[in-house]
Amino acid sequence: MFTLVKDTLISQVVTLWGVFKKLFVKADTVEYPDQQPYMFPRWRGRIILSRDPDGEERCVACNLCAVACPVDCIALQKGEMEDGRWYPEFFRINFSRCIMCGFCEEACPTNAIQLTPDFEMAEYVRQDMVWEKEDLLIDGCGKYHDYNFYRVAGKQIAGKDKGEALNEAKPVDVRSLMP
Amino acid sequence: MTLEVGSGLTIGLILGVVIVVAAMLIWVERRLLSFWQERLGPNRVGPFGLLQVVADMIKIFTKEDWVPPFADRFSFVLAPAIIMTVILLSFAVIPFGPNIGVVESNIGVLFILAMASLGAYSVMLGGLSSDNKYALLGSLRAAAQMVSYEVFMGISLLGVVALSGSFNLRTIVEAQEGMWFVIPQFIGFVIFLIAGVAESHRLPFDIPEAEQEICAGYHTEYSGMKFGMFFVGEYLGLVLVSSLITVLFFGGWMGPSFLPPIVWFALKSGVFIAFFILLRAAIPRPRYDQLMSYGWLFLLPLSLINLLVTGAIILST
């Protein structure tokens with residue numbers, strides 16, 4: 001009899017009181033559009049293409065990001081400037097496929113492609129989820145302020161011969177090494 | 001302008017207020033439930049989300065009024081009308097204030113019990129005519145639950161009737177001038193509370209609906225306004241049970257005179273409505289056989305003992 005009363009009445013009353021006390025507890029809800037959450041700087045959100053400190057596109061159209069992408073949402077085509085620099089003729093990210101994994105950013109040898117803490121990318125038309133190079137390119141350097149690929153890389157372009165890059169030794173004339 | 005029992009104005013006011021309150025309860029319930037679950041609930045539409053009901057109503061009225069081709073059309077349409085009708089009829093005998101009410105009935109308690117029994121037909125017909133296995137299971141459960149819980153719902157009220165010597169709800173309220181019946185009839189009150197929850201098939205006794213087990217039970221096939229009538233009918237039943245508890249056990253409209261009687265009535269009923277919502281927030285649904293054995297083996301003997309003791313005390317004094 002005692003266990004019956006305990007099971008049917010007392011434990012229910014205890015539960016009711018415990019739930020009633022929640023009335024005076026602050027709600028956990030974040031009222032999102034009015035109350036913006038703090039976004040961490042390393043948050044993996046909307047993808048951008050950055051420029052180097054001289055204002056040139058960093059992307060050299062190496063295709064490593066497209067290869068690394070697990071959902072194949074990146075498409076690009078290599079083009080070549082007259083001075084020998086490589087650049088993407090088009091660079092297209094399909095954000096309806098993108099899973100914001102950040103593998104493209106890790107694969108990028110020139111720090112061109114970067115993920116930003118922006119997540120508000122909803123669109124009414126599905127086609128608007130496909131972003132072209134003009135939409136992706138920003139004016140700044142993103143997370144790396146003084147990195148310039150062509151200034152440190154050994155690649156030869158007009159106005160910068162072999163061995164003229166930063167910290168790069170002059171090319172060795174192999175014939176001068178003869179015994 | 002004075003209100004008197006049975007005048008057209010009073011009847012219209014009661015009908016309007018009761019239906020509006022039942023509709024607003026949709027919002028009240030969602031809001032209170034979310035507070036008890038540390039959420040905020042609907043607070044976007046209008047101030048405090050008050051217009052959520054309006055949005056819900058617009059949505060439910062503009063939905064397609066669809067009858068499944070395999071359903072029995074006549075009883076499918078009839079079922080939601082029954083539950084609204086019988087519950088609104090039950091409000092006819094409830095005394096909301098000293099001069100507010102629809103009819104003076106000497107058999108008020110019996111009338112309400114009869115209407116509650118008729119309400120079972122709505123659930124049964126709705127489930128049977130849907131021709132859907134979940135709906136059928138729901139209506140089976142509903143029929144068994146209603147039959148078993150009506151028995152001691154009636155018996156638990158007999159203590160109050162014996163103390164006041166009348167089936168007239170107004171006389172019962174007036175008999176509580178000195179002491180609310182909740183004190184001498186506490187066991188009767190608890191049993192009636194439990195039976196009331198089961199009767200209006202609200203959680204934790206919403207076995208006929210039981211979304212997690214059998215979809216939505218008897219109203220699985222219902223949509224649009226026909227579903228809305230079941231939905232609002234459930235809240236009407238909640239208001240009815242709360243005001244019945246107020247009338248039978250908590251002295252109806254009586255209270256200190258700094259507030260008008262109708263406000264006391266509304267306050268007391270509101271407390272019970274909130275309590276029913278708290279029950280929903282806190283208590284898990286029992287298994288079907290647990291519900292039945294709990295009713296027949298525990299509550300029925302308890303209510304009989306309660307009636308017996310009450311009768312013995314009345315006779316001896």
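Modeller: What follows sets values against their definitions.

Modeller: This is a predicted model, where local features need pLDDT of at least 70, side-chain atom pairs count only at pLDDT 80 or more, and totals for chains, interfaces and linings use all residues. Residues are numbered from 1 along each chain as its sequence is written, with chains lettered from A and ligands numbered from 1 in the order in which they are written.

Colleague: Why are H1(B) and H9(B) called roughly perpendicular to each other?

Modeller: Helix H1 (residues 8-36) and helix H9 (residues 224-249) of chain B have axes that cross at roughly 110°. Those axes come within 8 Å. Axes are lines fitted to C-alpha atoms, for helices over the stretch in contact, and angles run from 0 to 180 degrees between N-to-C directions. Angles of 65 to 115 degrees count as roughly perpendicular, under 35 as roughly parallel, over 145 as roughly antiparallel and the rest as oblique. H1(B) and H9(B) are therefore roughly perpendicular. Helices here are DSSP runs of H or I with at least four residues, strands are runs of E with at least two, and both are numbered from the N terminus.

Colleague: Which residues of H1(B) and H9(B) meet?

Modeller: Among them are B:Val18, B:Ala22 and B:Leu25 in H1(B), and B:Tyr235 and B:Leu236 in H9(B). By class, this contact has 11 nonpolar, no polar and no charged residues. Two residues are in contact if their C-beta atoms, placed from the backbone, lie within 7 Å. Nonpolar covers Ala, Val, Leu, Ile, Met, Phe, Trp, Tyr, Cys and Pro; charged covers Asp, Glu, Lys and Arg; the others, Gly among them, are polar.

Colleague: What is the expected span of H1(B), and how far does it reach?

Modeller: H1(B) has 29 residues and reaches 41 Å from its first C-alpha to its last, close to the 42 Å expected. The expected span is 1.5 Å times one less than the number of residues.

Colleague: Where is the kink in H1(B)?

Modeller: It is centred on B:Leu25 and is about 30°. The bend at a residue is the angle between axes fitted to the seven residues ending there and the seven starting there. Helix H3 (residues 73-90) of chain B bends too, by about 25° at B:Ala79. A proline, B:Pro80, follows within four residues.

Colleague: What makes B:His201 buried or exposed?

Modeller: B:His201 has 25 other C-beta atoms within 10 Å. A residue is buried at 20 or more, exposed at 12 or fewer, and partly exposed in between, with C-beta atoms placed from the backbone. So B:His201 is buried. It lies in the loop between helix H7 (186-199) and helix H8 (211-214) of chain B.

Colleague: How do you know whether A:Ser11 is buried or exposed?

Modeller: A:Ser11 has 12 other C-beta atoms within 10 Å, so it is exposed. It sits in helix H1 (residues 2-20) of chain A.

Colleague: Why is B:Leu88 called partly exposed?

Modeller: B:Leu88 has 18 other C-beta atoms within 10 Å, so it is partly exposed. B:Leu88 belongs to H3(B). It touches B:Leu15 and B:Leu236, not counting residues up to four places away in sequence.

Colleague: How many residues of chain B are in contact with chain A?

Modeller: Nine, and they meet 11 residues of chain A. H10(B) gives the largest share of the chain B side, three residues.
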